[in-house]
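Welcome! Here is a friendly walk through one protein chain, written to be read with the coordinates open beside you.

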Amino acid sequence: MKHNEYEYLLNKIYYKGILKNQGINSDMYQRMQNEYSNLDGQSIVKGQLEGDYAFRKSFLVVRNYVQQAIKDGMKSLQFTMQAADINKLTYMVDMLNRNFFDKQSLDQIIITANSVFNQYNLKN
């Protein structure tokens, strides 16, 4: 997935000025993507541990921002969202609470959240 999906989700939910002040942008996702790509290329055991730690650390940051963005988006739209969409987003938030480090699952959650929020006009 491209980092644009991550940035699009956050920009859809939050004011762009707030995001820039906190350093929340596609660079965070890009860092996680680079560390994920480096995991396969490492053959030394010590390098694998350091690379795995770096990936997990950046993954947690991205995962937490995605989870909070979904929660805040749901809060903004709680009275206008359809029950099926609320259930779908609630399930995604619950999945993000679990201790997983699967980048493909996170990417799918971001894409699905974007498709749900695109149906509603968020005023940010």
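## Overall picture

Contact here means heavy atoms within 4.5 Å. With that in mind, residues 24 or more positions apart account for 73% of the contacts in the chain with a separation of 6 or more. Please keep in mind that this is a predicted model.

The chain has six helices and zero strands, so the elements run α-α-α-α-α-α when read from the N terminus. There are 124 residues in the chain, and 38% of them count as buried.

## How α5 and α6 pack

Two packed helices are described by the angle between their axes and the distance between the axes. For helix α5 (residues 83-97) and helix α6 (residues 103-117), the angle is about 155 degrees and the axes are 11 Å apart. Angles over 145 degrees count as roughly antiparallel, and α5 and α6 are therefore roughly antiparallel to each other. Their crossing is left-handed.

Which residues of α5 and α6 make the contact? On the α5 side they are Asp-85, Lys-88, Leu-89, Met-92, Met-95 and Leu-96. On the α6 side they are Leu-106, Ile-109, Thr-112, Ala-113, Val-116 and Phe-117.

## Aromatic pairs

How many aromatic pairs does a search of the whole structure find? The search finds five. One of the pairs joins Tyr-36 and Phe-55, whose ring centres are 5.5 Å apart. The planes of these two rings stand at 45 degrees, so the pair is tilted. Tyr-36 belongs to helix α3 (residues 26-41) and Phe-55 to helix α4 (residues 45-76), so this pair ties together parts that are 19 residues apart in sequence. Tyr-36 is partly exposed, with a relative accessible area of 26%, whereas Phe-55 is buried, with a relative accessible area of 2%.

Another pair is formed by Phe-59 and Phe-101. Their ring centres lie 5.6 Å apart and their planes are at 50 degrees, so this pair is tilted as well. Phe-59 sits in helix α4 and Phe-101 in the loop between α5 and α6, so the pair ties together parts that are 42 residues apart in sequence. Phe-59 counts as buried because its relative accessibility is 0%, and buried means under 20%. Phe-101 is partly exposed, at a relative accessible area of 22%. If you are selecting rings in your viewer, Tyr-36, Phe-55, Phe-59, Phe-100 and Phe-101 are linked by ring pairs into a cluster.

## The loop between α5 and α6

Asp-102 is also found in the loop between α5 and α6. Is Asp-102 buried, partly exposed or exposed? With a relative accessible area of 32%, Asp-102 is partly exposed. The C-alpha atoms of Asp-102 and Phe-59 are separated by 8.8 Å, and the two residues are 43 residues apart along the chain.

## Two places along α4

Gly-73 has its place in helix α4. Gly-73 is buried, with a relative accessible area of 0%. How far apart in space are Gly-73 and Ile-13, C-alpha to C-alpha? They are 5.6 Å apart in space and 60 residues apart in sequence.

Leu-49 is in helix α4 too, but Leu-49 counts as exposed, at 60% relative accessibility. The cut-off for exposed is over 50%. Leu-49 and Leu-39 are ten residues apart along the chain, and 9.3 Å separates their C-alpha atoms.

Where is Met-81? Met-81 is in the loop between α4 and α5. Its relative accessibility is 9%, so Met-81 counts as buried.

Leaving aside neighbours within four places in sequence, Met-81 is in contact with Met-74, Ile-86, Leu-89, Val-116 and Tyr-120. Two of these names have come up already: Leu-89 of α5 and Val-116 of α6 are among the residues that make the contact of those helices. The C-alpha atoms of Met-81 and Gln-119 are separated by 9.1 Å, and these residues are 38 residues apart along the chain.

Definitions and conventions
Residues are numbered from 1 along each chain as its sequence is written. This is a predicted model: local features need pLDDT of at least 70, side-chain atom pairs count only at pLDDT 80 or more; totals for chains, interfaces and linings use all residues. Side-chain values use heavy atoms; hydrogens and water are left out. Axes are lines fitted to C-alpha atoms, for helices over the stretch in contact, and angles run from 0 to 180 degrees between N-to-C directions. Helices (H or I, at least four residues) and strands (E, at least two) are DSSP runs, numbered from the N terminus. Angles under 35 degrees count as roughly parallel, over 145 as roughly antiparallel, 65 to 115 as roughly perpendicular and the rest as oblique. A crossing is left-handed if the near helix is turned anticlockwise from the far one by less than a right angle, and right-handed if clockwise. Rings of Phe, Tyr and Trp (its six-membered ring) pair if their centres lie within 6.5 Å; planes under 30 degrees apart count as stacked, over 60 as edge-to-face and the rest as tilted. Buried means under 20% relative accessible area, exposed over 50%, partly exposed in between (1.4 Å probe, protein chains only).
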